[in-house]
Amino acid sequence: MARWTKLLAVPGAALLAGLVQVLRAAHRPDVPAFPNLDLSGTFGDPSLPPLRIVGVGDSNLTAPGVDHIDDAWPRRAAAGLSDRYHVELISLGRGGSRTRQVAAQQLEWALALRPGIALVAAGGNDTLRVIPAWLFRRQLAEIIEPLHDAARAVVVLGIGDLGTIPRLPAYLRWFLTWRSRTLHRSVAAVVDRYPRSVLIETWASIAHALRHRNDEMFAGDLFHPSSAGHEVFMTEIMPAFEEAVRIYERG
């Protein structure tokens, strides 16, 4: 038994060492660092019916690396609804946040703002660490459930393929792809529990573009999506928001 324990410990130790390298790569000093942006704003004619979208999450809601703030997908989505609504987008996202931090630091504020549609974009930073899927699901549900009670609809971003990120160690990309898909399925499982929540699918056209247009999809920091990446994301993001609006309009 001791022999097998030692043999099994070797891959575990190697994986842990690899994850340490992942975290180091995420903070490399030899690549540009871009500021986190406040994506909040208003869109559309003020005479139109009001629609408040409140977002909580990580750097998906701060868009470091875009050429212009209006290239960021949350602002593109808000602008896409501005033909029918006067959209108020309030982003509470903080770059680097893990799911438990979103729940602790952003959720109460989001609930107090009384969103019409809530937006949740968290989990990428959990994917880069060793948080087990069952714990991730529980922490994500602790965010979605109160927002589902407070808002008419909730839009939830899935986990993209982090194995495509150029800045991360190439020898671990297979693992990061596997882990990303695993936690994406966890997101989908949580979203399925709440009838007025909508999943943004990240393993269709988005994942394909990340793999086959890799150079243009990432900003100069080789980590966050570029403006071109944000544009591609809209192929899956806008249909999810349109579905959320239909739910919102049903009351």
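Visitor: How much of the 251 residues in the protein chain do buried residues make up?
Guide: Buried residues account for 53% of the 251 residues. Buried means under 20% relative accessible area, exposed over 50% and partly exposed in between, with a 1.4 Å probe and protein chains only. This is a predicted model, in which local features need pLDDT of at least 70 and side-chain atom pairs count only at pLDDT 80 or more, while totals for chains, interfaces and linings use all residues. Residues are numbered from 1 along each chain as its sequence is written, and side-chain values use heavy atoms, leaving out hydrogens and water.

Visitor: What does the secondary structure of the protein chain come to?
Guide: The protein chain has ten helices and six strands. Helices (H or I, at least four residues) and strands (E, at least two) are DSSP runs, numbered from the N terminus.

Visitor: Among contacts between residues at least 6 apart in sequence, what percentage join residues at least 24 apart?
Guide: In the protein chain, 81% of those contacts do. A contact here means heavy atoms within 4.5 Å.

Visitor: What makes H8 and H10 roughly antiparallel to each other?
Guide: Helix H8 (residues 205-212) and helix H10 (residues 227-250) pack at an angle of about 160 degrees, their axes 8 Å apart. Axes are lines fitted to C-alpha atoms, for helices over the stretch in contact, and angles run from 0 to 180 degrees between N-to-C directions. Angles under 35 degrees count as roughly parallel, over 145 as roughly antiparallel, 65 to 115 as roughly perpendicular and the rest as oblique. H8 and H10 are therefore roughly antiparallel.

Visitor: In what hand does H8 pass H10?
Guide: The crossing of H8 and H10 is right-handed. A crossing is right-handed if the near helix is turned clockwise from the far one by less than a right angle, and left-handed if anticlockwise. H8 contributes Ser-205, Ile-206 and Ala-209 to the contact, and H10 contributes Val-232, Phe-233, Thr-235 and Glu-236. Those residues divide into four nonpolar, two polar and one charged. Ala, Val, Leu, Ile, Met, Phe, Trp, Tyr, Cys and Pro count as nonpolar, Asp, Glu, Lys and Arg as charged, and the others, Gly among them, as polar.

Visitor: Why is H2 called oblique to H10?
Guide: The axes of H2 and H10 cross at roughly 45 degrees and come within 9 Å. That angle makes H2 oblique to H10. The H2 side of the contact is Trp-73, Arg-76, Ala-77 and Gly-80, and the H10 side includes Phe-233, Met-234 and Phe-241. By class, this contact has seven nonpolar, three polar and two charged residues.

Visitor: Which residues of helix H2 are buried?
Guide: In helix H2 (residues 73-80), they are Trp-73, Pro-74, Arg-75, Ala-77 and Ala-78. Among the elements they pack against are strand S1 (41-43), strand S4 (117-121) and H10.

Visitor: How do you know whether Leu-81 counts as buried or exposed?
Guide: Its relative accessibility is 0%, so Leu-81 counts as buried. Leu-81 lies in the loop between H2 and S3. Leaving aside neighbours within four places in sequence, its contacts include Leu-51, Met-238 and Val-245. The C-alpha atoms of Leu-81 and Val-245, 164 residues apart along the chain, are separated by 8.7 Å.

Visitor: What makes H6 oblique to H7?
Guide: Helix H6 (residues 133-150) and H7 pack at about 40 degrees, with axes 9 Å apart. That angle makes H6 oblique to H7. Among the residues in the contact are Arg-137, Leu-140, Ala-141 and Ile-144 of H6 and Val-187 and Val-190 of H7.

Visitor: Is Val-190 buried or exposed?
Guide: Val-190 has a relative accessible area of 0%, so it is buried. Val-190 is found in helix H7 (residues 173-191). The C-alpha atoms of Val-190 and Ile-144, 46 residues apart along the chain, are separated by 8.2 Å.

Visitor: What is the phi of Arg-114?
Guide: Arg-114 has a positive phi of about 50 degrees, although it is not a glycine. Most residues other than glycine have a negative phi. Arg-114 is found in the loop between helix H4 (107-112) and S4. At 70% relative accessibility, Arg-114 counts as exposed.

Visitor: Is Ala-63 buried or exposed?
Guide: Ala-63 is buried, since its relative accessible area is 1%. Ala-63 also has a positive phi of about 50 degrees, and its place is in the loop between strand S2 (50-57) and H2.
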